[in-house]
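The points run from particular side chains to the chain as a whole.

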Amino acid sequence: MYVCSCFGITEQQVRDHADSGACTPRQIASACKAGTDCGGCVRRIQSLLGRGDCPRRELIDSGAPEPLGAETGAVAPAVLSEAA
């Protein structure tokens with residue numbers, strides 16, 4: 001059955017990408033573009049991914065620190081107008 005009719009992505013393709021390590025809808029989108037056009041399939045993709053095994057998600061759920069650059073207080077690059 002199709003999950004993303006915009007790009008012709010099936011449930012099995014989403015499951016295959018998940019088995020290959022895609023743990024989030026964003027990672028699925030990077031792998032096959034599903035969810036990047038109209039967005040109507042994102043909730044279905046989320047339900048297919050569920051709360052299954054995902055090493056990164058397990059680390060986050062256990063309270064491990066997030067990877068560098070993921071902090072909310074990360075410094076943004078300087079804007080060119082500030083130099084003028």
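Is arginine 15 buried, partly exposed or exposed? With a relative accessible area of 36%, arginine 15 is partly exposed. The model is predicted, and the points that follow should be read with that in mind.

1. Arginine 15 and its partner. The side chain of arginine 15 meets that of glutamate 11 in a salt bridge, at 3.5 Å from N to O. Both residues belong to helix H1, and because they are four residues apart there, about one helical turn separates them. Glutamate 11 is buried, its relative accessible area being 12%, whereas arginine 15 is partly exposed.

2. The second salt bridge. Glutamate 11 also forms a salt bridge with arginine 44, and here the closest N and O atoms are 2.6 Å apart. This pair links distant parts of the chain, since glutamate 11 lies in helix H1 and arginine 44 in helix H3, 33 residues apart. Arginine 44 counts as partly exposed, at 36% relative accessibility. The count of salt bridges comes to two, and Glu11, Arg15 and Arg44 are linked in a network of them. In general, side chains of opposite charge can pair when their charged atoms come close.

3. Serine 47. Helix H3 also holds serine 47. The side chain of serine 47 reaches the backbone oxygen of arginine 44 at 2.8 Å. Serine 47 is partly exposed, with a relative accessible area of 44%. Proline 25 is 22 residues from serine 47 in sequence, and the two C-alpha atoms are 9.7 Å apart in space.

4. The buried side of H3. Helix H3 spans residues 42-49, and its buried residues are Ile45, Leu48 and Leu49. Why do they lie on the same side of H3? They cover an arc of only 95 degrees around the axis, and that puts them on the same side of the helix. The cover over these buried residues includes strand E1 (2-4), helix H1 (11-19) and helix H2 (25-32). Just after H3, glycine 50 takes a positive phi of about 55 degrees.

5. The two faces of H2. In H2 the buried residues are Ile28, Ala29 and Cys32. Their arc around the axis is only 100 degrees, which puts them on the same side of H2. The face turned away from that buried side carries the exposed residues Arg26 and Ser30. The buried residues of H2 pack against strand E2 (9-10), H1 and H3. Lysine 33 follows H2, and its phi is positive, near 75 degrees.

6. The nonpolar core. The largest nonpolar core has 12 residues in all: Val3, Cys4, Ile9, Val14, Ala22, Ile28, Cys32, Ala34, Cys41, Ile45, Leu48 and Leu49. Which elements give two or more residues to this core? They are E1, H2 and H3. The largest share, three residues, comes from H3.

7. Apart from its neighbours within four places in sequence, valine 14 is in contact with Val3, Ile9, Ile28, Ile45 and Leu48.

8. The chain as a whole. The protein chain has five helices and two strands. Counted from the N terminus, the order of elements is β-β-α-α-α-α-α. The chain has 84 residues, and 20% of them count as buried. Where contacts join residues at least 6 apart in sequence, 45% of them join residues at least 24 apart. The chain exposes about 6,300 Å², of which carbon and sulfur atoms supply 54%.

9. Places to look at together. Ile45 and Leu48 are among the contacts of valine 14, while arginine 44 pairs with glutamate 11 in a salt bridge.

Notes:
Residues numbered from 1 in each chain as written. Predicted model: local features only at pLDDT ≥ 70, side-chain atom pairs only at ≥ 80, totals over all residues. Heavy atoms only, no water. Buried < 20%, exposed > 50% of the residue type's maximum accessible area, 1.4 Å probe, protein only. Arc of directions from axis to C-beta. Contact = heavy atoms within 4.5 Å. Polar contact = N/O pair within 3.5 Å; in protein donor to acceptor, adjacent residues only side chain to side chain. Areas by Shrake-Rupley, 256 points an atom, 1.4 Å probe, with all protein chains shown as cover. Core = buried A, V, L, I, M, F, W, Y, C linked by side-chain atoms within 4.5 Å. Salt bridge = Lys/Arg side-chain N within 4 Å of Asp/Glu carboxyl O.
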